[in-house]
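These are my notebook entries on one structure. I set down what I looked up, in the order in which I looked.

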Amino acid sequence: MQLGLTEKRCVTVADREGLCQARGAVRNMLEAIGISSEVILAQLLTIVDELGNNILRHGGRGRLCIATARAAGRTGFRITAEDRGAGITDLPKALTPGYSEDKGMGMGLNLLRAISDDIVIANQLTGGAVIEVWKWI
Ligand SMILES: Nc1ncnc2c1ncn2[C@@H]1O[C@H](COP(=O)(O)OP(=O)(O)OP(=O)(O)O)[C@@H](O)[C@H]1O
Ligand SMILES: [Mg+2]
């Protein structure tokens with residue numbers, strides 16, 4: 001399937017301000033394509049919040065990119081989080097409910113799996129985590 005990315009916005013996440021900018025970008029992009037569903041907005045904001053909080057908490061600082069794509073008459077949102085921290089120590093366990101290296105609830109990534117269409121978690125060769133989440137609407 002050919003995925004034409006139609007729009008992409010990236011924001012630096014070094015504090016909560018970056019997180020707010022990423023939330024704003026999601027709102028604007030949804031508005032631009034005429035989607036007014038509160039449920040979809042809430043799900044996309046949850047993805048941004050969770051990935052952004054993981055950057056701040058586990059990666060230190062990083063970047064969130066939000067892109068849209070069109071395929072088979074639908075719009076896909078791709079939200080990517082990248083950081084330059086130590087990376088995810090245990091990739092297979094990271095998606096397991098209740099697993100946290102940091103006394104968290106360990107539910108964030110698991111929740112994202114439930115509300116998204118696809119989630120890919122990896123470490124970069126140069127260090128740091130990269131997590132990509134797709135949500136088709
Ligand atoms: N950007 C990241 N860099 C390094 N490790 C990460 C990153 N994101 C997630 N992890 C690892 O994956 C684990 C699970 O993440 P998850 O978001 O599910 O739980 P949590 O952040 O620990 O708690 P919470 O339920 O509050 O989100 C984390 O505890 C951490 O070990
Ligand atoms: Mg988390």
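Entry 1. Ligand shell.
Which of the 23 residues around ligand 1 come nearest? I found Ser100, Glu101, Gly104, Met105 and Gly108; a residue counts as near a molecule or strand if its C-beta atom, placed from the backbone, lies within 6 Å of it. I note that this is a predicted model, in which local features need pLDDT of at least 70 and side-chain atom pairs count only at pLDDT 80 or more, while totals for chains, interfaces and linings use all residues. Residues are numbered from 1 along each chain as its sequence is written, and chains are lettered from A and ligands numbered from 1 in the order in which they are written.

Helices α2 (38–59) and α4 (108–115) each supply at least two residues of the shell, and α2 gives the largest share, with five. Helices (H or I, at least four residues) and strands (E, at least two) are DSSP runs, numbered from the N terminus.

Entry 2. Helix α1.
I checked the length of α1 (residues 16–32). Its 17 residues should span 24 Å at 1.5 Å a residue, and the end C-alpha atoms are 24 Å apart, which agrees; the expected span is 1.5 Å times one less than the number of residues.

Which residues of α1 are buried? I listed Leu19, Ala22, Ala25, Val26, Met29 and Leu30. They cover an arc of only 125° around the axis, and therefore lie on the same side of α1; the arc is that of the directions from the helix axis to the C-beta atoms. On the other side, Arg16, Glu17, Arg27, Asn28, Glu31 and Ala32 are exposed. Buried means that 20 or more other C-beta atoms lie within 10 Å of the residue's own, exposed that 12 or fewer do, and partly exposed in between, with C-beta atoms placed from the backbone. An α-helix has 3.6 residues a turn, so residues three or four places apart point the same way. Gly34, which follows α1, has a positive phi near 75°.

Entry 3. Helix α2.
With 22 residues, α2 reaches 30 Å from its first C-alpha to its last, close to the 32 Å expected. Its buried residues include Leu44, Ile47, Val48 and Leu51, and also Glu50, Asn54 and His58. Just after α2, Gly60 takes a positive phi of about 90°.

Entry 4. Nonpolar core.
Of its 26 residues, Ala22, Val26, Val48, Leu51, Leu64, Ile66 and Ile79 touch the most other members. β1 (4–13), α1, α2, β2, β3, α4 and β5 each supply at least two residues of this core, and α1 gives the most, with six.

Entry 5. Strands.
Strands β4 (residues 118–123) and β5 (residues 129–136) pair in the antiparallel sense over six bridges; two strands pair if DSSP finds at least two bridges between them. Ile121 stands opposite Ile131, and Val120 has Glu132 as its bridge partner. β4 and β5 form a hairpin with five residues between them, and Gly127 in the turn has a positive phi of about 105°. β5 also pairs with β3 in the antiparallel sense, over seven bridges, with Val133 as the partner of Ile79.

Asp83 lies in β3 and counts as buried because it has 24 C-beta neighbours inside 10 Å. The C-alpha atoms of Asp83 and Gly127 are separated by 8.2 Å, although the two are 44 residues apart along the chain.

Entry 6. Positive phi outside glycine.
I recorded Ala72, with phi near 50°, in the loop between β2 (62–71) and β3 (74–83). Ala72 is exposed, as 7 other C-beta atoms lie within 10 Å. I also recorded Lys103, with phi near 55°, in the loop between α3 (91–94) and α4. Lys103 counts as exposed, with 6 C-beta neighbours inside 10 Å.

Terms used: Core = buried A, V, L, I, M, F, W, Y, C linked by C-beta atoms within 7 Å.
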